[in-house]
Structure formats: structure tokens, C-alpha cells
Amino acid sequence: MTFNDIFKSSFLENITSVSILDMALALLLAFGIGLFIFLVYKKTYQGVMYSSSFGTTLIALTMITTVVILAVTSNVVLSLGMVGALSIVRFRTAIKEPLDIAFLFWSIAVGIVLAAGMIPLAVIGSVIIGVILLVFVNKKSHCNPYIVVLSCADSSSEKRATDFLTSKVQKCVVKSKTAEKGNIELNFEIRMKNDNSDFINELSEMNGIRSAVLVSYNGEYMG
């Protein structure tokens, strides 16, 4: 093997396997669609604490996937090596929101489709997915649920409070009841007729009612 044979390798030949224009166009589109995914994620986020780093990860993941697939599609041998390399990668970050998995998979799928040259599918598909998420995730119920926690002295005050509460709200369902000597605690799921919560003040002033608490319920529920 001569000195010239050392530099006459397939590595140097792979430099021109993907054109500069293809790389620039793919990465530019990946950044644009990744930014769109980030904005949709920001608009549809319903968790407790918003993480801006996760939104940035969606953009980076779209571009990184595009780069990887561009390399894989240009060389069959490289694609086999890439599969082996990625198979040993393990991610330990916990996904707190189920919807975050959809955004991660969306970013990866867009990167794959773009690198494969299916630009209309990536663009139109992302727009449709984004619109669907914006419509369904941000859809608010016309009658939000609340939890009322009552502490009553005896069964007679419990009955009066239940009747009063039923007359003031649209829907009232007993979720739990705890009874002990000298105290009865009730949890009601209610649907209010309007935004007026003055009935809680009246409820707390009734004879035999020790306390009345109104809590907004943001969990999953059946309408």
C-alpha cells in the first residue's frame, strides 16, 4: 500500500454523496417544520410547569433526524452501521405528559420523511397534524368540573347542605363520604351554572356546616 492509496479511501468519496443544496434545503425545511412543531407544543401544553428546553429539543430532534437519514440513504453500508450504533443508545429521561410522546414521534417522523425527499408529505402532514392538535387539545368543556369538600356536624346538616348544593348547581354527584363521630366529610363533583361561586359562602354559614371548600378539578373526567 502506497502513500496515495491511504488517501484514496471511500471516506473522501462520500463527501460528494449528498450535495450541499440538498443538505441546505433539507435542514432549512427541518428547522421550519421543527419550529412549527414547537409552536404547536407551546400552544397545546396543559401541564403544570412548561419546559422550554423540551420545545427546543423538538426542533433539534427534527434536524438531527434529517441529518442521520440523509447519511443513511446515501450509503447502504453506513445504514447498517447506523442501526447497530443506535441500537445501543438508551434514554432515561421520563416523559411526564402522554402528549409529549406524540410530539417526539412527530419530530422524528418529519425528519425521516424530509430526508427521504417527500417534502409535500412532510409539510402538508405537519399542517394537518398541527391543526388537529390545536383543535382537540385546546377544546374546553362548556361546563368545567369542580370539587366541593364539605365538613358537616351530623346527618341533618348533611341533608340540608346536599339539598342546597343541588339547587344551586347544574349537576351534583357524591364522589366520597367519610363519617366519624361528630364529623361527616363529603366530596361532591359539581358543574356550576355560571361563574358565580357565592353559594359556597352561603353554604359555609349554614348551621352544622364546619367548612366548605371549592376546588377546580383539572384532571381527567368523563362528561
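Contact here means heavy atoms within 4.5 Å. Keep that cut-off ready for the stops below.

This is a predicted model, in which local features need pLDDT of at least 70, side-chain atom pairs count only at pLDDT 80 or more, and totals for chains, interfaces and linings use all residues. Residues are numbered from 1 along each chain as its sequence is written, and side-chain values use heavy atoms, with hydrogens and water left out.

**Whole chain**

Start with a cartoon view. The protein has nine helices and four strands. Both are DSSP runs numbered from the N terminus: helices are H or I with at least four residues, strands are E with at least two. The order from the N terminus is α-α-α-α-α-α-α-β-α-β-β-α-β.

Now show the surface. The accessible area is about 14900 Å², with 65% of it on carbon and sulfur atoms; the method is Shrake-Rupley with a 1.4 Å probe, and for residues only the protein chains shown count as cover. Of the 223 residues, 28% count as buried. Buried means under 20% relative accessible area, exposed over 50%, and partly exposed in between (1.4 Å probe, protein chains only). Among contacts between residues at least 6 apart in sequence, 73% join residues at least 24 apart.

**Helix α3**

Select residues 20-44. The 25 residues of helix α3 should span 36 Å at 1.5 Å a residue, and the end C-alpha atoms are 36 Å apart, which agrees. The expected span is 1.5 Å times one less than the number of residues. Colour the buried positions of α3, among them A26, A30, I33 and Y41.

**D100**

Go to helix α6, residues 98-115, and pick D100. D100 counts as buried because its relative accessibility is 8%. Which residues does D100 touch, not counting those up to four places away in sequence? Show Y41, F54 and I95.

**A nonpolar patch**

Select V123, I124, V127, I128, V131, I132, V135 and F136: they make a nonpolar surface patch of about 720 Å². Patches are made of residues with over 30% relative accessible area and no salt bridge; like charges are joined within 9 Å, nonpolar side chains (Val, Leu, Ile, Met, Phe, Trp, Tyr) within 5 Å. Zoom in on V127, in helix α7 (residues 119-137). V127 counts as partly exposed, at 43% relative accessibility.

**The strands**

Select β3, residues 183-191. Eight of its nine residues are buried, so β3 is largely enclosed by the rest of the structure. Strands pair if DSSP finds at least two bridges between them. β1 (residues 145-152) runs antiparallel to β3, joined by eight bridges. Look for S151 opposite E185. β2 (residues 171-180) is also antiparallel to β3, over nine bridges. There, A179 faces I184. Two residues separate β2 and β3 in their hairpin, where G182 takes a positive phi near 80°.

**Salt bridges**

How many salt bridges does a search of the whole structure find? Four. The criterion is a side-chain nitrogen of Lys or Arg within 4 Å of a carboxyl oxygen of Asp or Glu.

- K177 and E158: the closest N and O atoms are 3.0 Å apart. K177 is in strand β2 and E158 in helix α8 (residues 155-168), 19 residues apart. E158 counts as buried, at 14% relative accessibility.
- D163 and K159: the closest N and O atoms are 3.1 Å apart. Both lie in α8, four residues apart, about one turn of the helix. D163 is partly exposed at 41%, while K159 is exposed at 54%.
- E189 and R191: the closest N and O atoms are 2.6 Å apart. E189 and R191 are both buried.
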